[in-house]
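Subject: Structure for your review

Dear colleague,

Please find the structure below, followed by an account of what was found in it.

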Amino acid sequence: MNQARTNPLNTAAMHGALILYTLIALFPVFVILINSFKTRKAIFREPLAMPDADSFSMIGYQTVMKQGDFFLYFQNSMIVTVASLFFVLLFGAMAAFALAEYRFKGNTLMGLYLALGIMIPIRIGTVAILEMMVATGLVNSLWALILVYTAQGLPLAVFILSEFMRQVSDDLKNAGRIDGLSEYTIFFKLVLPLVRPAMATVAVFNMIPIWNDLWFPLILAPAEETKTLTLGSQVFIGQFVTDWNAVLSALSMAILPVLVLYVIFSRQLIRGITSGAVK
Amino acid sequence: MQKPRIRWHIAVFLAPAVLVYTAVMIFPLFNTLRLSLFSKIDQERVYVGLQNFQTLFGDPIWSEQFWNALGNNFWFFLIHMLVQNPIGIALAAVLSHPRLRFAALYRSAIFIPTILSFVIVGFAWKLILSPIWGIAPGMLDAVGLKSLFAPWLGKEEYALTTLALISVWQFVGIPMMLIYAALLSIPEEVLEAGEIDGITGMSAFWKIKLPLILPSIGIISILTFVGNFNAFDLIYAAQGALAGPDFSTDILGTFMYRTFFGFQLQLGDPHMGSAIAGAMFAIILVGVCIYLFGIQTRMRRYQL
């Protein structure tokens with residue numbers, strides 16, 4: 001009965017297809033990374049060869065270090081991503097708790113209102129967002145980006161977190177209330193630790209789009225001192241189009257932090273997606 | 001439980017999220033729609049009604065660009081639907097096979113392009129497809145197909161399709177993961193019942209699994225739709241704001257950016273930009289409504 005499932009030919013075909021697609025997925029990244037360590041001549045003569053003693057060169061990285069302020073860009077990206085995630089999680093969890101825990105007038109309506117933003121992209125409002133940031137003097141500051149990404153991440157965060165908070169046992173919370181804990185203590189001390197896995201899922205979901213966004217940094221914070229890594233590499237590569245060593249090195253430097261984050265969080269991310277958090 | 005006093009803590013819990021969300025997302029959204037009804041005349045903001053939309057659809061200079069961008073956007077979406085989602089479903093179907101070894105490894109590797117930024121993806125592919133560097137022609141040469149090579153990103157007739165395929169390459173991981181999750185949630189008993197009736201292998205996929213994952217395919221389609229109709233980054237990173245060659249890769253996102261910000265000789269016009277944003281909003285809204293009311297409610301859901 002189970003023969004169809006374990007047929008060795010079938011298995012070989014499946015592995016063949018998966019290996020083929022894995023190669024397609026990884027090939028461009030691989031080519032960029034190996035060529036960033038080669039001399040200009042070797043890049044063009046043998047683009048697919050691994051760097052060896054002859055062709056090894058760090059000249060591209062030296063140019064990037066000298067010309068682009070990649071540490072500043074990296075720092076900006078870090079600040080924006082971490083701060084946005086912090087606010088998304090804190091505000092999102094608080095709102096989700098209110099929606100999941102208390103019955104009050106307009107509860108459903110409030111839930112729907114907050115869920116609107118899941119489907120409507122925040123980019124549609126860019127013109128007015130820019131005007132508002134100019135008016136409040138936040139333009140070209142990291143706060144502009146943090147605010148926008150917080151607003152962008154909140155709808156899905158509230159949605160996912162409130163689903164999870166409904167599963168937290170009422171007995172536990174009521175026991176806390178009988179012990180005289182305030183609603184705030186119940187939220188921070190009892191409920192938050194229990195929904196930590198869901199918070200991690202929300203964080204990982206939001207992290208990649210925030211880190212990789214080009215639109216808002218380009219429009220709200222294009223100044224040199226507020227450039228994020230994504231915008232910084234875009235501008236840098238645009239200027240150094242003909243310097244292949246520098247371009248390849250800049251690309252590699254932009255790839256590496258994301259890859260490291262992915263290796264750390266991939267299990268969380270994949271578990272988050274496959275546990276049906278997005279319904 | 002209902003007490004007559006005001007429960008302030010509810011307000012405190014809700015306030016930060018509602019404030020930020022309203023101030024930075026909902027209010028600007030409606031303000032943008034409002035701005036599309038104004039225009040700048042003699043340095044002053046004047047209410048002009050629907051005149052901007054009249055220009056956008058009536059003035060040949062504008063309407064030509066708009067329809068071009070909209071048409072390109074539909075083509076972009078179509079390629080995603082026809083290539084990205086079937087490949088994603090196929091990969092998920094293979095990955096969800098029980099007793100497949102290294103499934104987690106394949107899954108993580110295939111998802112890697114999705115985590116890279118558009119800037120990296122755009123430039124990496126630009127370099128690989130570049131006739132100067134010669135990776136793509138060299139590889140085609142190795143299999144005897146060199147004559148097929150063309151500077152795909154530089155030719156008007158290929159550029160948009162090429163970019164759409166690059167975007168497919170990047171995002172195939174998302175349908176793969178969502179369908180994979182849906183396939184895993186199908187109970188073993190259903191499949192075993194099918195096996196007893198002689199439905200195995202491919203026919204089990206078509207006759208049992210596919211109908212069961214249709215809701216997930218619906219969600220993927222609407223996610224693809226919304227994502228494609230506010231896409232911008234990849235085109236901007238690979239082809240610049242002019243979406244060359246000769247606007248052949250212009251989509252609504254780049255068109256709005258150019259109009260709103262101005263580019264080279266064209267002056268930025270926030271009001272026309274708002275009008276385009278309004279059009280995008282309408283398109284996305286129509287798409288989401290078709291999904292919510294037309295597709296989702298009619299889809300048969302099976303209790304598993």
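A residue is termed buried if 20 or more other C-beta atoms lie within 10 Å of its own, exposed if 12 or fewer do, and partly exposed in between, the C-beta atoms being placed from the backbone. By this count B:Asp246 is exposed, because it has 11 other C-beta atoms within 10 Å.

This is a predicted model, in which local features need pLDDT of at least 70 and side-chain atom pairs count only at pLDDT 80 or more, while totals for chains, interfaces and linings use all residues. Residues are numbered from 1 along each chain as its sequence is written, and chains are lettered from A and ligands numbered from 1 in the order in which they are written.

B:Asp246 lies in the loop between α11 (233–239) and α12 (252–261) of chain B; helices are DSSP runs (H or I, at least four residues), numbered from the N terminus. Its phi is positive, about 50°, although B:Asp246 is not a glycine. B:Phe247 is found in the loop between α11 and α12 of chain B and has a positive phi of about 60°, again without being a glycine. B:Phe247 counts as partly exposed because it has 18 C-beta neighbours inside 10 Å.

Turning to the two chains, 67 residues of chain A are in contact with 66 residues of chain B, contact meaning that the C-beta atoms of two residues, placed from the backbone, lie within 7 Å. On the chain A side, helix α2 (residues 8–35) of chain A supplies the largest share, eleven residues. That side comprises 51 nonpolar, 13 polar and three charged residues. Here Ala, Val, Leu, Ile, Met, Phe, Trp, Tyr, Cys and Pro count as nonpolar, Asp, Glu, Lys and Arg as charged, and the others, Gly among them, as polar.

The largest nonpolar core has 164 residues, of which A:Ala95, A:Val148 and A:Leu161 touch the most other members. Such a core is a set of buried Ala, Val, Leu, Ile, Met, Phe, Trp, Tyr and Cys residues joined through C-beta atoms within 7 Å. Helix α8 (residues 142–165) of chain A gives the most to this core, 17 residues. Neighbours within four places in sequence aside, A:Ala95 is in contact with A:Leu114, A:Val158, B:Phe13, B:Leu14, B:Ala17 and B:Val18. A:Ile160 is placed in helix α8 of chain A and is buried, because 23 other C-beta atoms lie within 10 Å. The C-alpha atom of A:Ile160 is 8.3 Å from that of A:Ala96, 64 residues apart along the chain.

Two helix pairs in chain B complete the account. Helix α3 (residues 60–95) and helix α8 (residues 173–184) of chain B pack at an angle of about 45°, with their axes 8 Å apart. Axes are lines fitted to C-alpha atoms, for helices over the stretch in contact, and angles run from 0 to 180 degrees between N-to-C directions. The contact of α3(B) with α8(B) has ten nonpolar, three polar and no charged residues.

Helix α10 (residues 201–229) and helix α13 (residues 270–296) of chain B cross at roughly 175°, and their axes come within 10 Å. Therefore α10(B) is roughly antiparallel to α13(B), a term for angles over 145 degrees. The contact of α10(B) with α13(B) divides into ten nonpolar, three polar and no charged residues.

Yours sincerely

How values were computed: Parallel < 35°, antiparallel > 145°, perpendicular 65-115°, else oblique.
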